[in-house]
Amino acid sequence: MSTEKITTRPDFPRPGRAQAPTGDEVEKVFERFSPAYEKQAADVWDALEEQDLKVWIIDGGENDGETICAGRAYDDAALVIHLEDPNEALAVAAARDADKLDDYIASGLG
């Protein structure tokens, strides 16, 4: 499995990322390439940085998906959010919509 680790906040939406593959309409928050996915990734990254956490994205490739990780130091993840897992992505979206993303993050940091 090849992975790419990004430790500097990308410019969201990432170039070439916020588009539907093969021209299909992709709008779900857990579907990679959708504008909703990129917006949620940006909001999560920013909320984690506001908690004075180190933040990074690991792209495990097409089969393993992307995760945003955060901790007090790089490679010491205290929180991992699977951006492409439908249940987790929808839970994050619900927290964002309710203006409770900080609470969601705090509960994950336990």
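Predicted model: local features only at pLDDT ≥ 70, side-chain atom pairs only at ≥ 80, totals over all residues.
**Entry 1: the surface**

The accessible surface of the protein comes to about 6,300 Å², and carbon and sulfur atoms hold 46% of that. Next I looked up how much is tucked away: of the 110 residues in the protein, 39% are buried.

**Entry 2: the parts list**

I went through the secondary structure and got three helices and four strands. In what order do the elements run from the N terminus on? I read them off as β-α-β-β-β-α-α.

The four of them make an open sheet, ordered 1-2-3-4, with antiparallel pairing. Which strands are the edge strands? They are strand 1 and strand 4 (79–82), and each of these pairs on one side only.

A reminder from my course notes: strands of a sheet pair through backbone hydrogen bonds, either parallel or antiparallel.

**Entry 3: two strand pairs up close**

I took strand 1 (residues 4–6) and strand 2 (residues 54–59) to begin with. They run antiparallel and are joined by three bridges. In this pair I found Ile-6 opposite Ile-57 of strand 2.

On to strand 2 and strand 3 (residues 66–71). How many bridges does this antiparallel pair have? I noted six. Here Trp-56 has Cys-69 of strand 3 standing opposite.

**Entry 4: the core**

Now for the inside. The largest nonpolar core has 20 residues, and Leu-48 and Ile-68 are the ones that touch the most other members. Which elements each supply at least two residues of this core? My list reads helix 1 (35–50), strand 2, strand 3, strand 4 and helix 3 (101–109). Helix 1 gives the most, with seven residues.

My notes have a general point that goes with this: in soluble globular proteins, nonpolar side chains tend to be buried together.

**Entry 5: around Leu-48**

**Entry 6: contacts across the chain**

Last, I looked at contacts between residues at least 6 apart in sequence. Of these, 46% join residues at least 24 apart.

Notes. Residues numbered from 1 in each chain as written. Heavy atoms only, no water. Pairing = 2+ DSSP bridges. Buried < 20%, exposed > 50% of the residue type's maximum accessible area, 1.4 Å probe, protein only. Contact = heavy atoms within 4.5 Å. Areas by Shrake-Rupley, 256 points an atom, 1.4 Å probe, with all protein chains shown as cover. Core = buried A, V, L, I, M, F, W, Y, C linked by side-chain atoms within 4.5 Å.
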